[in-house]
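This briefing covers one protein chain, shown below. The notes after it are grouped by topic.

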Amino acid sequence: PSPARLARLPLARVKALVKADPDVTLASQEAVFVLARATELFVETIAKDAYVYAQQGKRKTLQRKDLDNAIEAIDEFAFLE
């Protein structure tokens, strides 16, 4: 499968975001793919951790407070505080 099929985020959109950074002059397709995939994994990880807090509140829908709780409780997300 092509790299575009392996990533769920639209690679053209990711590339546009990368190019919006004035410090970036050139980004290869491989770099754009890796950024897209890393973003997907990050979102998946934080969503799973936040879902634990939603379940504790006996809910199936994530709320902002669930994400806040995950960010506060998990050291890996300390950079988001």
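This is a predicted model: local features need pLDDT of at least 70, side-chain atom pairs count only at pLDDT 80 or more; totals for chains, interfaces and linings use all residues.

By residue class, the contact of α2 with α3 divides into seven nonpolar, one polar and one charged. The protein chain has four helices and zero strands.

**α2 against α3**

- Helix α2 covers residues 11-19 and helix α3 covers residues 29-56.
- The two helices pack at an angle of about 100°, and their axes are 9 Å apart.
- Angles of 65 to 115 degrees count as roughly perpendicular, and α2 and α3 are therefore roughly perpendicular to each other.

**α3 against α4**

- Helix α4 spans residues 64-73 and packs against α3 at an angle of about 110°, with the axes 8 Å apart.
- That angle makes α3 roughly perpendicular to α4.
- On the α3 side the contact is made by Ile46, Asp49, Ala50, Tyr53 and Ala54.
- On the α4 side the contact is made by Asp66, Leu67, Asn69, Ala70, Ile71 and Ala73.
- The residues of the contact of α3 with α4 divide into eight nonpolar, one polar and two charged.

**Overall dimensions and surface**

- From the N terminus on, the elements of the protein chain run α-α-α-α.
- The radius of gyration of the protein chain is 16 Å, whereas a compact globule of 81 residues would have one near 12 Å.
- The C-alpha trace spans about 45 × 30 × 15 Å along its principal axes.
- Of the 81 residues in the protein chain, 20% are buried.
- The accessible surface of the protein chain is about 6,300 Å², and carbon and sulfur atoms account for 57% of this surface.
- Taking contacts between residues at least 6 apart in sequence, 38% join residues at least 24 apart.

**Ala70**

- Ala70 lies in helix α4.
- Its relative accessible area is 0%, so Ala70 is buried; the cut-off for buried is under 20%.
- Leaving aside residues up to four places away in sequence, Ala70 touches Asp49, Ala50, Tyr53 and Phe77.
- Asp49, Ala50 and Tyr53 are also among the α3 residues that make the contact with α4.
- Ala70 and Val32 are 38 residues apart along the chain, and their C-alpha atoms are separated by 28 Å.

**Val34**

- Val34 is found in helix α3.
- Val34 has a relative accessibility of 52% and therefore counts as exposed, the cut-off for exposed being over 50%.
- Val34 and Leu11 are 23 residues apart in sequence, with a C-alpha to C-alpha distance of 9.9 Å.

**Lys58**

- Lys58 is located in the loop between α3 and α4.
- Most residues other than glycine have a negative phi.
- Phi of Lys58, by contrast, is near 60°, a positive value in a residue other than glycine.
- Lys58 counts as exposed because its relative accessibility is 76%.

Methods: Residues are numbered from 1 along each chain as its sequence is written. Side-chain values use heavy atoms; hydrogens and water are left out. Axes are lines fitted to C-alpha atoms, for helices over the stretch in contact, and angles run from 0 to 180 degrees between N-to-C directions. Angles under 35 degrees count as roughly parallel, over 145 as roughly antiparallel, 65 to 115 as roughly perpendicular and the rest as oblique. Ala, Val, Leu, Ile, Met, Phe, Trp, Tyr, Cys and Pro count as nonpolar, Asp, Glu, Lys and Arg as charged, and the others, Gly among them, as polar. The radius of gyration is taken over C-alpha atoms; the globule rule is 2.2 Å times the number of residues to the power 0.38. Buried means under 20% relative accessible area, exposed over 50%, partly exposed in between (1.4 Å probe, protein chains only). Contact means heavy atoms within 4.5 Å. Accessible areas come from the Shrake-Rupley method with a 1.4 Å probe; for residues, only the protein chains shown count as cover.
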